[in-house]
Amino acid sequence: MSEDSSKNGGSGPGWRKLAERPVYDNRWIRVTEFDVVAPTGAEGIYGLVHFKNLAVGVVPIDDTGCTILIGQDRFTSGAYSWELPEGGGRRDLAPEEAARRELSEEAGLGARNWAPLFSDVQMSNSVTDELAYAFLAWDLFPDARWEKDATEALSVRRVPFPAAVEMAVSGEIVDAFSLVMLLKADHLARTKKLPADLAGLMLGGQ
């Protein structure tokens, strides 16, 4: 396999793939090992985790200026984690539709208003190709159309948006996706790039 020079944003030759071997495959991920030549000319191996779904997440804002945090035990860390509603969305489904499902499934909510926060954000680009899409949702209403995942025991917590941002800054929230969503939403509210009434709710008069 030859190098795809269109993806090489630097001045060097980029990575070259010499061979590849499938290592592991399930319904969520595929792991492949490559024989490679690095941009420095050094030969080696590289493991790539391909995510079969997109990462989708939501910053919901209710009519009191609170956001919704979801608590759950994370297998990978062995610890309890507070996060925004988020999950995997099929690649053949529009990211916003997948985010609507996550909000209903995890928080039992829908929203009449949606705005994109970011797209194509690389979650861990040293070893995975996972891409993340995030949305701001407001004018919430009860919506339990989607059942919770049978493997998830979730807690739902309403937190004033500034308090959730403080949880992100202090280290109480450690999920990277939630951190990026909260800080991006806070920045947009503070720089007047959101509707004034929504920004006012989020910032609580700050």
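## The largest pocket

By class, 20 charged, 16 nonpolar and 11 polar residues make up the lining of the largest pocket. Please keep in mind that the structure you are looking at is a predicted model.

How big is this pocket? Its volume is about 1,800 Å³. To find its middle, look for Trp28, Arg74, Gly87, Gly88 and Glu152, which are the closest to the centre among the 47 residues of the lining.

## Who supplies the lining

Which element gives the most to the lining of the largest pocket? That is α1, with 7 residues. You can trace this helix along residues 95-107.

## A sheet of three strands

Now for another part of the model. Here 3 strands, in the order β1-β2-β3, form an open sheet with antiparallel pairing. At its edges lie β1, which covers residues 16-25, and β3, which covers residues 43-51; each of these two pairs on one side only. From one strand to the next, the twist averages 25 degrees.

## A look at β2 and β3

How many bridges link β2 and β3? Strand β2 spans residues 29-37, and its antiparallel pairing with β3 runs over 9 bridges.

Methods: Residues numbered from 1 in each chain as written. Predicted model: local features only at pLDDT ≥ 70, side-chain atom pairs only at ≥ 80, totals over all residues. Heavy atoms only, no water. 1 Å grid on protein atoms, 1.4 Å probe; cavity = no way out; pocket = protein on both sides within 12 Å on 5 of 7 lines; lining within 4 Å. Points joined across faces, edges and corners; volume = space filled by probe spheres on them. Helix = DSSP H or I, 4+ residues; strand = E, 2+ residues; numbered from the N terminus. Nonpolar A, V, L, I, M, F, W, Y, C, P; charged D, E, K, R; others polar. Pairing = 2+ DSSP bridges. Axes fitted to C-alpha atoms, helices over the stretch in contact; angles between N-to-C directions.
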